[in-house]
Amino acid sequence: MIVTLTPNPSLDRTIELAEPLTRGEVQRAVGAHHEPGGKGVNICRALEASDVKCLAILPGDSDDPVLVALRSQKVPHLGLPIGQALRSNVAITEPDGTTTKVNEPGPALSPRQQADLIELVLEKAQGASWLVLAGSLPPGVPVDFYSDIISALRARYGSAAPRVAVDSSGAPLAAAALAAPDLLKPNAEELAELTGFADAETLESDPELTVEAARTLVAGGVVAVLATLGSRGAVLVTAEGAWLAQTPPMIAVSTVGAGDSALAGYLLSTNAGASPVDCLRQAAAHGAAAASLPGSTVPALSQTDPSVVTVTALDKPKISTHPKEDDQ
Ligand SMILES: O=P(O)(O)OC[C@@]1(O)O[C@H](CO)[C@@H](O)[C@@H]1O
């Protein structure tokens, strides 16, 4: 079982344009999608689509559109009633694959609601293989929310605590990185902000530099860093090595949730006992499959093709082109 916490879930609205977005103009959409969203919600949707047991924990009343949609999609979830509507985030996709996203701040959570959410997570995480702490924090929630959960989890369950993955941004990500999580999943922008190594564009185009940046996090106690680099693929850095995964060029349909799907691919592979290289390969395959689908649609394992992913060891010679080859 994998448990995810999404403190700031959303109803994701994706609007498809058949022409480039023009600021200040009225444009007609050719398509629209609504999905229950927020990073941990997407990860659970992707895991469940592949028959991997997951529980999505989130704030939200049972009649909120996000929870209604989760129920109708049969995604196992637990909502903590907050008496307020969840946010709605908008993505606009263009024919060349460009996605523009506007996210609301979300409803504030009171200290009581925060404490209840933490208790729910600690309770449900018992016996889980992974706890994923995902997304931004809503107003009123302190930046050390995630790092406090990691400490509380380890204090409560000791060596039996689930492994913890963090997929966030800004100050909450920086605080969580100091709590020695088992996995961090930044994109280039988040890694750039977290490490101050270079700007996002430079990191995306220079995997070696991405590795150097991620290594500073591993040196600080993070067990593994899975950095997603958009169309440039993904990089995995652990104390044992660093690898780059690349997928064949494609025009994305919508990149919303592609990073979440990549993380789901990585997690389901670790659950199946795969090697780090194969976990990375599956992460890249999941990310690419998600980008080929509209809105924040998540792929099932059967919709991904890890055989087309090229994995290269960045600190050793090239090790494998196809999953069947030995990639140790
Ligand atoms: O505002 P946050 O919490 O950082 O991100 C929220 C969000 O953009 O992340 C998901 C895609 O990763 C979407 O489902 C959702 O709208």
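Tutor: Let's begin with C279, which is buried, at a relative accessible area of 2%; buried means under 20% relative accessible area, exposed over 50% and partly exposed in between, with a 1.4 Å probe and protein chains only. Keep in mind that this is a predicted model, where local features need pLDDT of at least 70 and side-chain atom pairs count only at pLDDT 80 or more, while totals for chains, interfaces and linings use all residues. Residues are numbered from 1 along each chain as its sequence is written, and side-chain values use heavy atoms, leaving out hydrogens and water.

Now for the bonded cysteines. A disulfide is a covalent bond between the sulfur atoms of two cysteines; here it is counted when a pair of cysteine sulfur atoms lies within 2.5 Å. Searching the whole structure gives 1 disulfide. Its partners are C44 and C54, with sulfur atoms 2.1 Å apart. This pair links distant parts of the chain, 10 residues apart: C44 sits in helix α1 (residues 39-49) and C54 in strand β4 (residues 54-59). Helices (H or I, at least four residues) and strands (E, at least two) are DSSP runs, numbered from the N terminus.

The torsion about the S-S bond of C44 and C54 is about -70°, so this disulfide is left-handed. As for C279, it is in no disulfide, and the nearest cysteine sulfur, belonging to C54, is 16 Å away.
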